[in-house]
Amino acid sequence: VNMPAAGERIAAFNVEVRRQFRLPIPLIRDLLGNSTLVGFYDRGKIWITEDLSGTLADVGLGLRLRHRKLRQNFLIRIDFPIWLSSPELDENGLEKDNVRFRWILGFSQVF
């Protein structure tokens, strides 16, 4: 869900199953580095006030590309949360289906 979360309290839980693999084309493998396929389940609860709270969850697949450039480690994350518990909170989606193709792209430095 692509939305900011704010409240009195937030609790989150994540489970990932990972499987490393080698990209088949050497040039792409050299450019993108180590590859990992990920299945994930995320669940979180937010308490906006003492009487108002909500639970969000998603299930999907992801790809992690870890590489080293200029003596720095970087991670590219591509996640596809296929199922959402509350699709009405997806600010980019006009359809409110629980099961739908969605994607998230992220970059980070790995220490």
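Predicted model: local features only at pLDDT ≥ 70, side-chain atom pairs only at ≥ 80, totals over all residues.
Close-up 1. To find Asp58, look in strand S3, which covers residues 53-69. Setting aside neighbours within four places in sequence, the contacts of Asp58 are Phe40, Tyr41, Asp42, Pro81, Trp83 and Leu84.

**Close-up 2. Glu16 and its partner Arg18.** Here we turn to one of the 4 salt bridges in the structure. Glu16 and Arg18 form a salt bridge, with their closest N and O atoms 2.6 Å apart. Arg18 counts as exposed because its relative accessibility is 53%. Glu16, at 22% relative accessibility, counts as partly exposed.

**Close-up 3. Glu16 meets Arg64.** Glu16 also joins Arg64 in a salt bridge, at 3.3 Å from N to O. This pair links distant parts of the chain: Glu16 sits in strand S1 (residues 9-21) and Arg64 in strand S3, 48 residues apart. With a relative accessibility of 5%, Arg64 counts as buried.

**Close-up 4. Asp79 and Arg77.** What separates the closest N and O atoms of this salt bridge? For Asp79 and Arg77, the distance is 3.0 Å. Salt bridges with shared partners join Asp79 and Arg77 with Glu16, Arg18 and Arg64 in one network. Within this pair, Asp79 is buried, at a relative accessible area of 10%, while Arg77 is partly exposed, at 32%.

Note on methods: Residues numbered from 1 in each chain as written. Heavy atoms only, no water. Helix = DSSP H or I, 4+ residues; strand = E, 2+ residues; numbered from the N terminus. Contact = heavy atoms within 4.5 Å. Salt bridge = Lys/Arg side-chain N within 4 Å of Asp/Glu carboxyl O. Buried < 20%, exposed > 50% of the residue type's maximum accessible area, 1.4 Å probe, protein only.
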